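Keep the picture open while you read.

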Amino acid sequence: MNNGPRRCAVLGKPIAHSLSPVLHEAAYRALGLDCWSYGRIEMDEDGLGAFLDSLGDDWAGLSLTMPLKRTIQPYGTPSNLWARELGVANTAVFAGGATRLYNTDVYGIARAFAHAAATRGTYAATDRSAVVLGNGNTATSALAAYVMMGGVTHVTVAARHPDRNLGLAEVGARHGIDVTTVALDDARLPLLLADADLVVNTIPAHGADAVAGRLAEAGGAVHGMLLDVVYDPRPTELMKVWERLGGVALGGEEMLLYQAVAQVLLMTGLAADGDFDAVDARAVHGPLEQAMREALEEAL
């Protein structure tokens, strides 16, 4: 690991709301990397190439958020399983004159579920059903997380435009998961959610509030675990309804934390390419995770 001055940043548009600097700066303090810094840079798809060309040797890595997770692909080499398979990367690492791309979102989602299950003393069942709300890049990572977790046999994707991102079904088929798609306003959705063992909401902001309202009106119990990737507002309406109906709801800060832990370890050279291709592929870095969690909770 290079202990000299090193720079990292999160790129995307909009970016002012990003909590990534809070997490990464806390990690640097925990690791004793006093010369490392991490910032926010607003960047759209048109400006990415020129920005990458301008970077000096002091840059160690980048976090990519909307709308850059696919745009980054031509500028580096996909270097872990999910970056290669999904064509979606949220992490770029600069080392040895090369740009290596990783997807740590998949790990972040799977690890959030695994941590919550372990905390509650529950164990993964087989033949589980799952739902993904939304069908963008994060939905693709959610489906891959279900693959990583194992035991999921059927996934329903509910989206405003169900004809988009048909590649989700292809990802599922490669891993033995049956994927069906319905419209977000489908009358069956409340029942599908009630029957699901796992749910990930990837629709930003208040986009899932209408789903929460319909679920509340249906009035039935839910039994599964929901991860809502939204962390502002916190908790979301969907999370509040989910818990009121008997389920376990996790906020987006859990996914944010674990994908960032993986990013830090990759950017600092403390992890290998395949370390986050499975939810338990490497030992948890407890002190680092705790320092980042405390900083995130304080910021929220």
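To sort residues by class, count Ala, Val, Leu, Ile, Met, Phe, Trp, Tyr, Cys and Pro as nonpolar, Asp, Glu, Lys and Arg as charged, and the others, Gly among them, as polar. With that sorting, the lining of the largest cavity has 6 nonpolar, 1 polar and 2 charged residues.

Before we go on, some ground rules. This is a predicted model, where local features need pLDDT of at least 70 and side-chain atom pairs count only at pLDDT 80 or more, while totals for chains, interfaces and linings use all residues. Residues are numbered from 1 along each chain as its sequence is written, and side-chain values use heavy atoms, with hydrogens and water left out.

## Holes in the model

What counts as a hole here? On a 1 Å grid over the protein atoms alone, a cavity is a set of points where a 1.4 Å probe fits but cannot get out, while a pocket is an open set with protein on both sides within 12 Å along at least five of seven lines; lining residues have an atom within 4 Å of a point. Points are joined across faces, edges and corners, and a volume is the space filled by probe spheres set on the points.

The structure holds 2 cavities of 30 Å³ or more. Here they are:

| Cavity | Volume | Lining residues |
|---|---|---|
| Largest | about 50 Å³ | Tyr107, Val261, Leu265, Phe276, Arg282, Ala283, Val284, His285 and Glu289 |

By class, the second largest cavity is lined by 5 nonpolar, 2 polar and 3 charged residues.

Now for the open kind. The largest pocket has a volume of about 1300 Å³. It has 43 lining residues, and the closest to its centre are Thr65, Met66, Thr138, Thr202 and Pro204. Strand S3 (59–64), H5 and helix H10 (252–267) are the elements that give two or more residues to this lining; helices (H or I, at least four residues) and strands (E, at least two) are DSSP runs, numbered from the N terminus. Which element gives the most to the lining of the largest pocket? That's H10, with 5 residues. Sorted by class, the pocket lining has 21 nonpolar, 16 polar and 6 charged residues.

## A closer look at H5

Helix H5 covers residues 137–149, and its end C-alpha atoms are 19 Å apart; at 1.5 Å a residue, its 13 residues should span 18 Å, which agrees. The expected span is 1.5 Å times one less than the number of residues.

Is H5 mostly covered or mostly open? It's mostly covered, with 11 of its 13 residues buried. Buried means under 20% relative accessible area, exposed over 50%, and partly exposed in between (1.4 Å probe, protein chains only).

Take Tyr146, which lies in H5 and is buried, with a relative accessible area of 0%. Leaving out residues up to four places away in sequence, Tyr146 touches Phe113, Ala130, Val131, Val132, Val152, Val155, Leu198, Val199 and Val200, where contact means heavy atoms within 4.5 Å. Thr140, also found in H5, is buried at 4% relative accessible area. Its contacts beyond four places in sequence are Arg70, Leu86, Asn165 and Leu168. Just after the helix, Gly150 takes a positive phi of about 80°.

## Aromatic pairs

Rings of Phe, Tyr and Trp (its six-membered ring) pair if their centres lie within 6.5 Å; planes under 30 degrees apart count as stacked, over 60 as edge-to-face and the rest as tilted. The structure holds 3 such pairs. One of them, Tyr28 with Trp36, is tilted, at 5.5 Å centre to centre and 55° between the planes. Both Tyr28 and Trp36 are buried.

Why is the pair of Tyr107 and Phe276 edge-to-face? Their planes are at 65°, so the pair gets that label, and the ring centres are 4.9 Å apart. Tyr107 lies in helix H4 (residues 105–120) and Phe276 in the loop between H10 and helix H11 (286–299), so the pair ties together parts that are 169 residues apart in sequence. Tyr107 counts as buried at 6% relative accessibility, and Phe276 does too at 2%.

A cis peptide bond joins Met66 and Pro67, with omega about 5°. Another joins Arg234 and Pro235, with omega about 0°. Ala205 has a positive phi, near 55°, in a residue other than glycine.
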